[in-house]
Each structure stands twice: as structure tokens, then as C-alpha cells.
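Student: I am new to this structure and would like a close look at a single part of it. Please show it first.

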Amino acid sequence: MENKKMIQSNQMDPKIWSRLPEDVLEHLLSFLPLKTFLKLRSTCKHFKTLLFSPPFISKHSPSSSSSSSSSSSPFSSFFLLSHPQFPRQYPLFDTVHNNWRNLSLCISPVLPSSSSVLLSSSNGLLCFSRSSSSSFIITNVLARSSRVVKYPNLPFSFESVTLISSSNNGYKLFVMSAFGSSSQVFVYDSLVHSWSQFGGFDLILNENHHQEGVFHDGYLWFITPEPYFIVFMDLDNGVWKRSNFELPSEVTFARLVSDGDKTMFLISGNGSNGISRSMKLWELNGDSKIWVEVENVPELICRKFLSVCYHNYEHVYCFWHKGLICVCCYSWPEILYYKVSRRTWHWLPKCPSLPDKWSCGFRWFSFVPELYAFV
């Protein structure tokens with residue numbers, strides 16, 4: 001009997017949590033792993049309010065100016081892997097702590113349909129297509145919220161989808177669709193909940209298997225197949241224009257990347273007769289409108305990447321992620337990335353849960369969880 005009383009006396013009084021100062025409670029919660037963090041909000045209303053309050057998000061997110069907060073933050077930023085061998089599961093590589101997470105992102109509670117396919121990501125939002133219901137699904141996984149966006153018409157087929165989101169101005173969904181020998185563009189605006197239809201730029205579709213548009217300076221940018229030149233579209237009025245940014249010579253393939261702010265980059269293969277002998281990184285000089293060479297990809301890294309592609313450059317795609325320029329191949333399970341701040345090239349280690357025998361179909365996305373990304 002005495003032992004029972006002793007055990008009870010050593011147990012923490014549950015009410016103590018309600019008496020803790022909020023800053024102390026906030027600090028304790030910041031040490032929780034991401035998986036626990038996502039489950040904790042269902043325990044009580046007070047925890048949910050505190051966890052998802054703007055001060056907590058801003059203090060403990062990777063973008064916080066405090067390096068100590070960033071290093072221990074349950075909010076991290078990830079490379080998200082989509083592959084046919086991971087049905088409805090999305091392995092996560094933590095780019096803050098530089099390792100694979102022991103959990104995969106599971107979208108089952110948000111998207112119960114197995115026919116959903118991940119197409120694009122932007123600022124914490126993910127865009128899926130669900131052919132069974134003729135719709136796109138825009139999802140904020142962290143907030144467990146989503147919106148169904150019906151296809152603009154039926155029947156409907158599309159070649160390219162790009163999600164462009166802003167924390168203040170909602171999001172837009174750019175969809176390029178082929179109609180016979182021509183193309184049409186549809187743009188969905190979340191602020192008015194409607195589609196607009198515009199004319200397309202037909203040359204883009206010739207080599208657009210895995211390419212998304214690059215949003216920069218208020219426009220969506222593309223590179224056409226050979227002969228290469230850059231075009232851009234105003235999403236508000238649907239007007240296409242050809243850029244006067246001339247590409248470097250002897251380009252065998254070219255991909256655009258934007259930091260989402262002021263800088264546009266170009267990844268190019270360089271060689272002759274359609275065969276790349278080297279790869280280079282360029283930065284656009286906004287004043288002179290010319291591409292300035294930043295880095296020549298080291299020979300051994302370049303040789304490996306080009307052997308992976310086997311000169312199927314239509315399989316190459318690029319994206320920006322938190323200061324990293326990522327170069328990927330649809331047929332290869334690794335990412336080649338460039339740290340802009342350190343000017344160094346690296347390979348992302350292969351996902352440990354990937355089977356020894358794997359097939360093509362690797363799609364990588366930038367995933368930065370944001371509770372307040374607009375859905």
C-alpha cells in the first residue's frame with residue numbers, strides 16, 4: 001500500500017502543464033521530432049493553439065535567423081521522393097540535418113484515393129492529380145487541409161503542371177494541355193476560384209516530359225527544345241514573349257532554375273553533335289542580359305551524371321531548394337546538388353528503403369512544411 005502511494009506521489013501532476021509559462025512550454029516542444037510534433041496537436045486545444053501559433057512557427061522554422069533554433073527545429077526542409085515503388089508513400093531527406101528520415105510522408109488521411117499522382121510543389125503546398133475524380137488536389141500536409149480543383153473541362157489531358165504559391169497571394173496552377181497539333185494553357189487562380197484559358201506555346205511540348213515552368217520576376221519561364229531559346233508567360237493575361245537572353249554556345253541541353261527572388265540560373269550540357277562533354281552552371285546578369293559562367297561541374301561528377309543520363313537529356317530536370325540548385329534524372333535515384341553559398345557540388349545518398357532492383361520514375365520535389373501556406 002505504501003509502495004502504491006509512493007508511485008502515485010512521484011507521478012507528475014497533469015495540471016502542471018497548464019501552469020507552465022508559454023515560453024517554457026514552447027521551448028520544450030521545440031525538441032520534439034517531426035513525427036511526434038504532427039501528432040501532438042490532437043492531445044488538447046491549448047497545445048494545438050500554441051504549436052501552430054505564428055511566434056512558434058517563425059521561431060522554430062529553418063528560415064529563422066537564429067541558428068540555434070534552426071538546428072533543433074521540428075520544422076525542417078526536405079527533398080521528397082516520389083516513385084512507383086513507393087505507392088502513396090514519400091520518403092523524406094532532411095536537408096537541414098543532412099540525413100534520411102525514418103518516416104515517409106503518408107498522404108492517406110488527406111488523399112484517400114490510390115489514383116492520386118504528385119505533380120508539383122511550392123512553398124509547403126503539394127499538387128496531385130486524381131484522374132478518378134477528374135480533379136487536381138492542392139494539399140497542405142502539415143495543416144491536413146486540401147482543396148479540390150476540378151479539371152477545366154472534360155475530357156481533359158495535360159502535358160505539364162506547375163504550382164506557383166505565395167503566402168500572401170494564394171496560389172496559381174499552370175496547366176499546359178495539347179489539342180491535336182496545338183496547345184492550350186489553363187491557369188487556375190485560388191483567389192477567384194476559377195480557370196482562365198489562353199493560347200499555348202507549341203514548341204515547349206516537344207521536350208516537356210518532366211519539365212516544369214520556372215517562376216521568376218513575376219513570369220513563368222521555359223526553354224524550348226533545339227534550337228534553344230527562352231520564352232516566358234505573364235500568368236495574369238496569358239501573353240507569351242520570347243526573351244532576349246541569348247543562351248551560351250555549344251549547348252546540348254539547358255534547364256532554368258530560379259531562387260524565387262532576384263537570381264536566375266542555367267544548368268547546361270556543353271558539347272557538339274548532341275553529345276555533352278561537360279556541364280556548366282550560369283547566372284543571369286540582369287543588367288547586361290547575358291549569362292555569366294559560375295562553375296564548371298567537376299569532371300568526375302560530370303562524367304557520372306552524363307553516364308546516368310546516357311544522353312537522354314529529356315530525362316533531366318532541375319529545381320531550387322533552400323539555397324541548393326538540384327539537378328536530377330528521371331532514371332536515377334540520386335540528386336546532384338550545388339550549394340550556392342559554399343560553391344560546392346554534392347551527391348545525395350540513395351534512399352536506404354529503395355529496393356536493390358528499381359526502375360525509372362524518380363521524381364524529386366522541394367518540400368518545406370508551412371502551416372500557413374494558403375489552401
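Student: In what order do the four strands of the open sheet lie, and is the pairing parallel or antiparallel?

Tutor: This is a predicted model, in which local features need pLDDT of at least 70, side-chain atom pairs count only at pLDDT 80 or more, and totals for chains, interfaces and linings use all residues. Residues are numbered from 1 along each chain as its sequence is written, and side-chain values use heavy atoms, with hydrogens and water left out.

The order is β16-β17-β18-β19, with antiparallel pairing. Strands (E, at least two residues) and helices (H or I, at least four) are DSSP runs numbered from the N terminus; two strands pair if DSSP finds at least two bridges between them. β16 and β19 (290–296) form the edges, each pairing on one side only. From one strand to the next, the twist averages 30°. β16 and β17 are joined by seven bridges; Phe253 has Gly269 in β17 as its bridge partner.

α8 lies across β16 and β18, at about 110° to β18. Such angles run from 0 to 180 degrees between N-to-C directions, with axes fitted to C-alpha atoms, for helices over the stretch in contact (heavy atoms within 4.5 Å).

The largest nonpolar core has 23 residues. A nonpolar core is a set of buried (under 20% relative accessible area, 1.4 Å probe, protein chains only) Ala, Val, Leu, Ile, Met, Phe, Trp, Tyr and Cys residues joined through side-chain atoms within 4.5 Å. Elements supplying at least two residues each include β16 (251–258), β17 (264–272), β18 (275–285) and α8 (299–309). α8 gives the largest share, six residues. Ile267 is among the residues with the most contacts inside this core; not counting residues up to four places away in sequence, Ile267 touches residues including Phe253, Met279, Leu281 and Trp345.

Technical notes. Buried means under 20% relative accessible area, exposed over 50%, partly exposed in between (1.4 Å probe, protein chains only).
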